[in-house]
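Dear colleague,

Please find below the structure that I promised to hand over, together with its sequence. My notes on what was found in it follow directly after.

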Amino acid sequence: MTDTKPRGTSDFSARLVDNFFRRWPLFLLPIALFMGIGVLTAARATPEYTVEATLSASSNPLLEPTEIRNNTINDFESPAEGTARLINERLRTDAFVDEIADRSGFTELLEIGLLERDIFREQVFAIEEGQNFLTVSATWDDPESAFLLVDSTVEGYLDYVNEIVSGDSRNAVIFLTQQLADARQEVVAAEAAFSDYSASLPELVPGQERPPEDQLVLGRLSTSIEPANERVATLEAEIDAAALAGEQATSEAGRLLRIVDPPVLPDEPESQLLNQLLSLMMFTVLGFLVAIAALVLVTVLDRTVRSEEQLARITDTSTAVAVPRIKALRESKRAARREAKRANKREKAA
């Protein structure tokens with residue numbers, strides 16, 4: 001049976017194994033070193049607190065329903081999934097992150113650069129928990145901040161939804177309020193014109209009637225007051241109706257999207273065991289890689305002859321003779337070196 005394994009590969013493997021067993025403490029050193037670093041890193045891991053709030057999303061006013069085969073769906077996703085997506089999309093905007101930071105008291109740290117917006121995006125997120133429920137979660141190194149981040153995110157998004165659904169009503173109220181101010185000015189102007197004209201007329205003696213032209217002007221001025229008052233009453237009614245519509249839209253949005261479980265201040269941090277094990281494992285694997293790389297490098301650079309095959313390739317012979325070191329020969333060499341030193345001293349003394 002012939003060996004199909006290349007000689008070079010077999011020789012290199014043998015040298016690799018031989019180098020490992022000759023210098024194994026050297027190759028175990030980086031593994032032990034990186035394992036120690038992993039242990040220190042795991043021991044210094046900062047405890048983290050996680051706060052969650054659960055929302056019920058039987059529907060979302062911001063998700064447009066689509067009719068497909070007579071079945072109503074929300075853009076091919078459940079209400080909870082769509083709402084979680086919208087919250088996460090809002091978190092990718094600087095305006096919403098700044099609003100959360102302001103509500104949570106992080107604005108100053110954000111402005112001076114000690115915190116980045118991306119940190120908030122990494123630590124705060126929303127995820128669906130079924131067809132109609134989703135969770136808003138935040139993780140931070142202290143419980144109060146984690147609580148504030150979740151509360152600010154939920155309240156900020158609900159305010160955003162209410163602002164959207166009541167936007168038309170709110171704009172209508174603003175527009176009608178401006179019209180009402182103008183209408184009231186018209187009433188004041190009409191009443192002032194009537195009063196001023198009446199005051200400018202001479203007083204009548206008992207039994208005297210005003211001239212027809214004065215009566216005509218007074219009648220015209222009096223008639224202009226009534227439409228102005230009616231316009232004021234109409235605008236006030238329209239403002240009340242628009243405000244009521246906004247309240248109804250907000251109430252409907254609150255019914256469709258509401259907080260089921262509010263955030264609660266945590267008593268203890270999350271378990272760090274998994275993260276610590278992952279950290280230790282990562283550094284241990286890194287130590288093994290460094291040790292393997294060192295072993296391969298030492299083997300590649302090693303030119304020591306340790307087998308007959310290596311000797312045959314170098315010298316065309318597979319025979320090697322080891323000359324033993326004779327004790328008497330060693331003693332004679334030492335005596336010769338001592339005699340040479342004495343002779344050297346005598347020459348210096350002469």
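Predicted model: local features only at pLDDT ≥ 70, side-chain atom pairs only at ≥ 80, totals over all residues.

Leaving aside the residues within four places of it in sequence, Ala138 is in contact with Tyr49, Thr50, Val51, Gln123, Val124, Ala146, Leu149 and Val150. Ala138 belongs to strand β5, which runs over residues 133-140, and because its relative accessibility is 0%, below the 20% cut-off, Ala138 counts as buried. The C-alpha atom of Ala138 is separated by 8.7 Å from that of Phe120, although the two residues are 18 apart along the chain.

One of the partners of Ala138, Gln123, lies in helix α6, which covers residues 117-123. Beyond four places in sequence, Gln123 touches Ser137, Ala138, Thr139 and Trp140, and the side chain of Gln123 reaches the backbone oxygen of Thr139 at 2.7 Å.

I also looked at helix α3 (residues 79-91), whose 13 residues should span 18 Å at 1.5 Å a residue, and since the C-alpha atoms at its ends are 18 Å apart, the expectation and the model agree. Among the buried residues of α3 are Pro79, Ala80, Gly82, Leu86 and Leu91.

For the protein as a whole, there are 12 helices and six strands, and 27% of the 350 residues count as buried. Among contacts between residues at least 6 apart in sequence, 74% join residues at least 24 apart, while the accessible surface comes to about 23400 Å², with 57% of it belonging to carbon and sulfur atoms.

Conventions
Residues numbered from 1 in each chain as written. Heavy atoms only, no water. Helix = DSSP H or I, 4+ residues; strand = E, 2+ residues; numbered from the N terminus. Polar contact = N/O pair within 3.5 Å; in protein donor to acceptor, adjacent residues only side chain to side chain. Contact = heavy atoms within 4.5 Å. Expected span 1.5 Å × (residues − 1). Buried < 20%, exposed > 50% of the residue type's maximum accessible area, 1.4 Å probe, protein only. Areas by Shrake-Rupley, 256 points an atom, 1.4 Å probe, with all protein chains shown as cover.
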